[in-house]
Amino acid sequence: MDIVRVFSKRSFLLGSLLLILILLATSPLYSPRYTVVLLSSIFMYVVITVSWAIFSGPTGYISLAPAAFFGVGIYTSAILGKALPLPAVIGIGGLASFCLALLVGALTLRLRGIYFAIFTFGLVEFIRHLLLFWECTVMGRRGRIVIIVDNTTVYYLMLIIFVILMLTTYLIRRSKLGLALQSIGQEEDAAAHAGVNVTMVKAITFAISAFFMGATGAVMATKWTYIDPYIAFNPLYSFMPVLMAIFGGMGQLYGPVIGAAIFTYLEEFLITRFPYHYMLIFGIIMVVAILYLPDGLVGLVQELRRRISGARYADT
Amino acid sequence: MIVTILNIVIAGLLMGGIYALIAVGFSLQYGVARVLNVSHGEFMMLGAFITWMLYTAFGVNPLVSLAICGPITLIIGFLLHRTLLTRLRSSSASLAAFEGKSMLASFGLLFIIQNIAILIWGNAVKGYTYLDSSVNIGGAIFAANRLVTLGFAMVIGFVFYLFLARTRLGKAIRAAAQDPGTAGLMGVNIDQVLAICFGLGALMAGFGGALMSMCFSIQPTMGFQFTVIAIIVVVLGGLGSIPGSFIGGFVLGLVGSIVSHWQPALSLAAYYMLFIVLLIVKPTGILGK
C-alpha cells in the first residue's frame, strides 16, 4: 500500500511539474507583454540563484563571483552578437564563464571560509576595472551596443536554460558528485581522506554553476541596448543570488527558485510603487529576512507544518 | 627626478593615512566582532556628511567636528550591533554561519544607510574648502589640509593603539579577539565588548570620513569604494591584525600613488591585482600569523 502511495505521490508531483511547465511555455501566447518581460527577469535571477546554490549550497563556500560570470556572458553577447547566431553566442558565453571558473577554482578553492568570499568579490572588481581601463585607454570608448532580440525569444531562451539547469541540479543532487559536495560541506578533511578528490569536485561544480550564469548573461544582455563594465559587472549581481537563496532556503531544490521568484517580483513591485524609497525598503527587507528567516521560506513552511501536525498528534 | 619621487611618496602617504584609518576600523570589526562589514564605507560617508553639514550650516571647524561625528557613528554602530548582530550571533549555529549571515546583513545595512543619506542630503556631489593653502615640501607642493589629515590620522591611530594596549577595555577587546568563549568565562561581558568593537570600527570610519571631507568632494554613494579599499588593505595587512592594517593602508596608498603616476586609470585594477596575488600567495597577509 505504501508503494502505491509513494507512486501516486510521485506521479502527482511529476504531473504538476509538467502542468507548470506547459503553463510557462504557453504564457507568451495569452499573457500581456509586461508579464513576459517580468517572467524573463524572474528566470534570470532564478537561474543565477539556483546555479549559485549548486556550488555554494552544499559546500558552504560563499561565492561572490556570480557578477563576474554573468558579466562575462554579457560581454560575450556584446562582442559576438553581430557575428554569430544567438544560440552559438549563448553557448560561447557559458563556456567562457566555465573556463574562467575552472581557472579561478583551480587557483583559489583552497582558500576557505571568508577568504574565498573576499577573493571572489575581488575578482569581479578586478575584471571590471581591467575592462574599464581597456575600453577607456586602449579602445578609446566606453561601453558597447548590444543587438536587441524580441521579448518572446528572450523568454523562451530563459525558459530552456531554466529547465536544463533544474534537470542538471536534480541530477547532481542525486549523483556521486552531489554526495561528494555534501561531504565537503560537512567536513572537508574527512572527505579528502575518504577518497574524494576535493579540489577537482569543487572546481568542476564551480565551473558548471558558472556555465549557467554565463549563458544567462549572454541572453539577458540582449535586453539592454547599451552595456559597459559598470552595468555588466555590477556587484549587486553577486549579492542578490546569495540573498535570494538564503531567503528561499537552501535545504530543498525548490528553495532558491521560490526565493528568487518572490524577491524579483518584490523588486519590480517596489520599483514601480516607491521609485524613490525602493532601495531603502529593499535593504530593510534584506535585514529582516536574514534576521528572522534563518532557514528561509522553505524552512519556515516546514516548521509551521511540523507545528501543525505536532499539535494534531498531541490532540489525539 | 627627486622631486617626482618625493611627490609620489608624499601623495601616497597622504592617501594612505585615510586608508589606514578606515582599514583599522574594518579590521577591528572583522577581527574581533567577526563581522565582514560591507557597510563600513557608509559610516565613513556619514562622518563626511556630518562634517560638511556642520561646516556649511554652522561654520563649525572640521577638526572640531571630529569630536562630534566620531561619537555619533560610534553610537550608531554600537546600537546596530546590540540590536541586530548580537541577535544574529546567538541564533547562528557556527562561527562560519555567522560570518556569512552578518556579511549579508551588513549588505542590507549598506542600502539602508546610503538611501537614508540620499533622502536627507540628496544625491549631488558636495564639498567645501578648508585650509587649502599650499605647502612646499622639498619642491613637492601639497595642500595644507592634506598634511593636517595625515597628522590627525597618525595621531588617531596611535591613540587607538595605546587604548588597545594599555586600558582595561582594550585588554578585554584583545581577549575577546583571541577567544570569545574563554574571555566570557573570565568575566568579560562579551556582548558588550563586541558591540563596543563594532562601534569603535564605525568611529574610525567616521573619523576617516570627516578627514576626507576636508580634501575631497563627497557623495552619498561614495562609501562602497572605500569599503572595497578597506577590504584590500585588511587582507594586505593580515585579517584581524590592527598594526598590519595600519601599515597596509600606507602600502596601498603608495602603490596607488606609484601606479597612478604612470597610468591613473589602472590604479584600482592594480589594487585588485595586488590583492588577488596576495590572496593566492600569502592569504594571511604581511603581518598575519
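Reply:
**Around T59(A), then over to chain B**

Leaving out residues up to four places away in sequence, T59(A) touches L181(A), I184(A), G185(A) and K202(A). Bear in mind that this is a predicted model. T59(A) itself sits in helix α2 of chain A, which covers residues 33-59. Is T59(A) buried or exposed? It counts as buried, because 25 C-beta neighbours fall inside 10 Å and the cut-off is 20 or more.

Chain B has 33 residues in contact with 33 residues of chain A. On the chain B side, α3 (62-91), α4 (95-121), α9 (223-237) and α11 (267-281) each supply at least two residues. The most comes from α4(B), with 14 residues. By class, this side of chain B has 26 nonpolar residues, four polar and three charged.

Still in chain B, have a look at R34(B), in the loop between α1 and α2 (40-58). Most residues other than glycine have a negative phi. R34(B) isn't a glycine, but its phi is positive, at about 65°. R34(B) is also buried, because 24 other C-beta atoms lie within 10 Å of its own.

Strand β1 of chain B (residues 134-137) runs antiparallel to β2(B), and four bridges join the two. Going through some of the partners, N136(B) bridges to I141(B), and I137(B) bridges to A140(B). Two residues lie between the strands, and G138(B) in that turn has a positive phi of about 55°.

That brings us to α5(B), residues 144-166. This helix has 23 residues and reaches 33 Å from first C-alpha to last, close to the 33 Å expected at 1.5 Å a residue. Its buried residues are N145(B), R146(B), T149(B), L150(B), A153(B), I156(B), G157(B) and F160(B).

Last, the packing of α5(B) on α6(B). Two packed helices are described by the angle between their axes and the distance between the axes. For α5(B) and α6(B) (residues 168-178), the angle is about 80° and the axes are 5 Å apart. So α5(B) is roughly perpendicular to α6(B), since 65 to 115 degrees is the range for that label. From α5(B), the contact uses F163(B), L164(B), A165(B) and R166(B), and α6(B) answers with G170(B), I173(B) and R174(B). By class, the residues of this contact divide into four nonpolar, one polar and two charged.

Methods. Residues are numbered from 1 along each chain as its sequence is written. Chains are lettered from A and ligands numbered from 1 in the order in which they are written. This is a predicted model: local features need pLDDT of at least 70, side-chain atom pairs count only at pLDDT 80 or more; totals for chains, interfaces and linings use all residues. The expected span of a helix is 1.5 Å times one less than its number of residues. A residue is buried if 20 or more other C-beta atoms lie within 10 Å of its own, exposed if 12 or fewer, and partly exposed in between; C-beta atoms are placed from the backbone. Two residues are in contact if their C-beta atoms, placed from the backbone, lie within 7 Å. Ala, Val, Leu, Ile, Met, Phe, Trp, Tyr, Cys and Pro count as nonpolar, Asp, Glu, Lys and Arg as charged, and the others, Gly among them, as polar. Two strands pair if DSSP finds at least two bridges between them. Axes are lines fitted to C-alpha atoms, for helices over the stretch in contact, and angles run from 0 to 180 degrees between N-to-C directions. Angles under 35 degrees count as roughly parallel, over 145 as roughly antiparallel, 65 to 115 as roughly perpendicular and the rest as oblique.
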